[in-house]
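Thanks for coming. I will go through one structure today, and I will keep to a handful of places in the chain.

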Amino acid sequence: MLDVVVLGAGLAGLSAARDLVNAGCDVTVLEARDRIGGRVLQTSLADGRVVQLGGELVGSAHTSYRALVGELGLTLRDSYIAEPGSTVWDIDDAVLVGDPAPWMTAEDRSDYDRVVGLFVDLAKSVDPDNPWSHPDAVALDAISFYHWLRSVGARDAVVRMFELAKVGLAADTLKRTSLLAELRKAAVVGDGLTNYYDVDEWTRSTVAEGSATVAGRMAEELGERIRLSSVVTEIAVHPDRVDVVLGSGEVVTAANVVCAIPVAPLRRVAITGLSDERLRALRRIRNSLTAKVVAVYESSFWRDLGKNGSSYSDGLVGATWIQGPGVISALVAPAQLAFHLAGDQSARDRDALETLARMYGPQAAHPEVLFTREWSEDPFTLGYMAHYAPGDLTAIGPTHSRPEGRFFVAGSDYWVAGYMEGAVRTGRAAAGAILAR
């Protein structure tokens, strides 16, 4: 019997397995796909450029991920923050360029600073590891971020700015976002929290060798312990063992299981031996939905236009940013995903290029290569990052990420500070909890 079976070879499962193997455990990793990496994926172009089709950005608040990058001998470089030029704002059928947002008045910006101050003060009262311990947790979770903004008298332009920020992160709307969840996410920064979204804390860096190289290096260490194309259909937790049933009918037995299957595909897996409370919490977690579009050009032509490649929009693409020389990344806004998916691939490509051309001129409509990754349709992902609507956090409760018997969970769905950080943080925590036993 194995010591541990790990389900999923994304960053969470691989980081858990790596720590367990390094501690002397007998481990097997079962991965449904025919590749490792989960929501990180990259490809290399003929000219040597590495293109990220999944997760790519981290910040100083992502301490677990950054530590792992160092352990693996990889390097971090500046992300889009190093790109010269100004931000593009494509809203209300107009394209504006400038920083700060040229569509906001001086009074709007002053009110934004006021509202951010109120938000920061409130966020500092929330424990990100245990938001349920807040004395007003139920009340804070019951209302939406939008409701709170209106309750503190935020001007219309200020509400619009927060909405653009949410859409730009491929998160759901303000009205469908729990205030407590938003406060919890901000509280991850700690005592140094001074702003609603500080790029230094969240997105200032990227792995120079490519984010998927992090997964690749761990997979190299684990070697034949990883089994690809192994689809899990059932997890049976017993007092003395865990039986994992595969689609082939094979049963893999271990003393413990680390379940790093994303929450949406996990709903398709039959689980027995856990409490009803734990199962309800696992099933209640939801993801926001998006697709990632990456356009590759011969050069960074937007610099000649005084633009930095970063944009916010109320249209198809919620945000763009520069991934590297000549490469623009974009996320389809969740509210626009149904429209995006309704077309065939040629329509999806055409819509994306028309959007980029609107913001960056005719040259943007003619990339050397255009990549689209519909993460929300991927059967082994079915989503992007965890999203909490009003009432979700208190309904889920603190049991959702705690071990129960021989069952441990890991993955970005169980943390709130960026999904690569969440994956590594919870993966290593699950390994540590098993080793502590």
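One cut-off first: a residue is called buried when its relative accessible area is under 20%, and exposed when that area is over 50%. Keep that in mind for Leu 382, which has a relative accessible area of 19% and is therefore buried. What you have on screen is a predicted model.

Staying with Leu 382, its phi is near 55°, a positive value in a residue that is not glycine. Leu 382 sits in the loop between β19 and β20.

That loop also holds Glu 374, with β19 covering 369-373 and β20 covering 386-387. Is Glu 374 buried or exposed? Its relative accessible area is 13%, so it is buried. What does Glu 374 touch, leaving aside its neighbours within four places in sequence? The list is Thr 290, Ala 291, His 340, Leu 341, Gln 345 and Arg 348. With Arg 348 there is a polar contact between the side chains, at 3.3 Å.

Arg 348 takes us to helix α13, where it is one of the buried residues. The others on that list include Asp 351, Thr 355 and Tyr 360, along with Ala 347, Ala 352, Leu 353, Leu 356, Ala 357 and Met 359. Helix α13 runs over residues 345-360, which is 16 residues. At 1.5 Å a residue it should span 22 Å, and its end C-alpha atoms are 22 Å apart, so the two agree. Just after the helix comes Gly 361, with a positive phi of about 90°.

Ala 170 lies in the loop between α6, residues 156-168, and α7, residues 179-187. Its relative accessible area is 0%, so Ala 170 is buried.

The other detail is a cis peptide bond. Which residues does it join? They are Asp 99 and Pro 100, and omega is about -5°. Pro 100 is in the loop between β7, residues 94-97, and α3, residues 106-123.

Last, the annotation. An unreviewed UniProt entry places the feature "domain: Amine oxidase" at residues 11-435. Over residues 11-435 the model is 35% helix and 21% strand. The end C-alpha atoms of that stretch are 19 Å apart.

Definitions and conventions
Residues numbered from 1 in each chain as written. Predicted model: local features only at pLDDT ≥ 70, side-chain atom pairs only at ≥ 80, totals over all residues. Heavy atoms only, no water. Helix = DSSP H or I, 4+ residues; strand = E, 2+ residues; numbered from the N terminus. Buried < 20%, exposed > 50% of the residue type's maximum accessible area, 1.4 Å probe, protein only. Polar contact = N/O pair within 3.5 Å; in protein donor to acceptor, adjacent residues only side chain to side chain. Contact = heavy atoms within 4.5 Å. Expected span 1.5 Å × (residues − 1). UniProt positions renumbered as here; feature names shortened; annotations may be inferred.
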